[in-house]
Amino acid sequence: MTQLQSHEIVPIFSGGGTRLPCYVGILIALKDLELNFHSLVGVSGGSIVAAMVAAGKTFDQMRDLALHTDFKQFRGFSLMNLIRTGGLSSGDTFERWMDNQLAGARFCDLLLDLHVLATDINGGGPVVFNKARTPQMKVSEAVRYSMSIPLLFSFKTFENHVMADGVILAEDALHQDWSGRDVPVVCFRLKSEGEDKPIIRRRLFPLVSYILMLIQTFMNAMSREYVHAQYWHNTVLINTGDVSSVDFALPVAKKEELLRQGYDTTMAVIPHKLGWIRTEVATSQRERQVGLS
């Protein structure tokens with residue numbers, strides 16, 4: 001097994017939805033590669049795993065949750081709820097489940113410096129939740145904001161912001177100095193390959209079927225979004241095949257495949273990426289030193 005010298009990074013878990021077993025595999029790979037982190041960033045489905053590791057969950061605990069949690073319990077099909085709140089499901093069941101997994105943890109209670117990102121569709125920019133800005137907020141609430149998949153989960157408001165899924169954010173919002181110490185970031189993105197699937201029409205409410213197809217198409221398109229050359233050196237793409245971020249009925253075997261794919265890709269790619277990242281950081285530091293002299 002290829003190992004690297006001990007090195008610190010800031011992992012960014014960007015998107016993912018129900019494909020979160022991938023992130024558990026990524027975490028295990030980072031451990032095997034002897035890469036440590038004190039700060040991490042979670043977006044949409046990625047914020048679920050990021051929050052759990054920041055709260056002190058072990059890899060075995062996260063693996064068990066990722067493989068054996070029934071994601072269908074979080075899905076709703078209320079057209080009335082869609083009309084009233086913008087989503088087929090309120091998302092309340094998911095938030096309660098998340099809060100239970102985190103034992104009610106607030107950002108100030110976390111062991112690691114966690115940053116959760118959501119999108120403000122009222123202004124179009126990122127809204128960041130972390131220990132510095134929202135220390136007393138329950139982490140489960142922030143994760144729910146970041147998981148506001150359009151049309152699937154109800155929109156939520158925070159202060160003057162209308163929260164939507166964080167995966168909608170531009171890359172610039174992700175690639176920041178989250179540690180405050182110039183620790184290099186590594187953004188893990190999950191990529192789906194779309195394919196034709198049987199159309200499941202609901203006899204009483206066919207509109208629900210078409211809305212679900214629209215949601216899946218939108219989320220798949222976001223996962224295949226072009227990676228700007230500026231960020232390619234510290235972006236790792238995990239190909240999840242035909243599994244989309246809104247596949248709520250994944251069997252355990254498919255979840256295990258996702259976990260293995262996250263692990264294998266990270267083990268294969270990170271040793272090469274890290275060399276580029278180190279060069280980029282060293283160049284940036286030299287440029288700042290020249291500017292200060």
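**Note on the predicted model**

1. Ser 44 sits in the loop that runs between strand E4 (39-43) and helix H2 (45-54), where helices (H or I, at least four residues) and strands (E, at least two) are DSSP runs numbered from the N terminus. The model is a predicted one, in which local features need pLDDT of at least 70 and side-chain atom pairs count only at pLDDT 80 or more, while totals for chains, interfaces and linings use all residues. Residues are numbered from 1 along each chain as its sequence is written, and side-chain values use heavy atoms, with hydrogens and water left out.

2. The UniProt record, an unreviewed entry, places its "active site" annotation on Ser 44 and Asp 165; such annotations may be inferred rather than shown by experiment. Ser 44 counts as buried because its relative accessibility is 1%, buried meaning under 20% relative accessible area, exposed over 50%, and partly exposed in between (1.4 Å probe, protein chains only).

3. For the protein chain as a whole, there are nine helices and twelve strands, and 53% of the 293 residues count as buried. Of the contacts (heavy atoms within 4.5 Å) between residues at least 6 apart in sequence, 79% join residues at least 24 apart.

4. Beyond its neighbours within four places in sequence, Ile 48 is in contact with Leu 20, Phe 94, Trp 97, Met 98, Val 143 and Met 147.

5. Val 143 also belongs to helix H6, in which the buried residues are Val 139, Ser 140, Ala 142, Val 143, Arg 144, Tyr 145 and Ser 146. Because seven of the eight residues of H6 (residues 139-146) are buried, this helix is largely enclosed by the rest of the structure.

6. His 115 has its place in strand E6 (residues 113-120) and is buried, with a relative accessible area of 5%. Its side chain is joined to that of Asn 130 by a polar contact of 3.0 Å, a polar contact being a pair of N or O atoms within 3.5 Å of which, within protein, one must be able to donate a hydrogen and the other to accept it, with residues adjacent in sequence counting only if both atoms are side-chain atoms. Leaving out residues up to four places away in sequence, His 115 touches Leu 40, Val 41, Gly 42, Val 128, Phe 129, Asn 130 and Trp 178.
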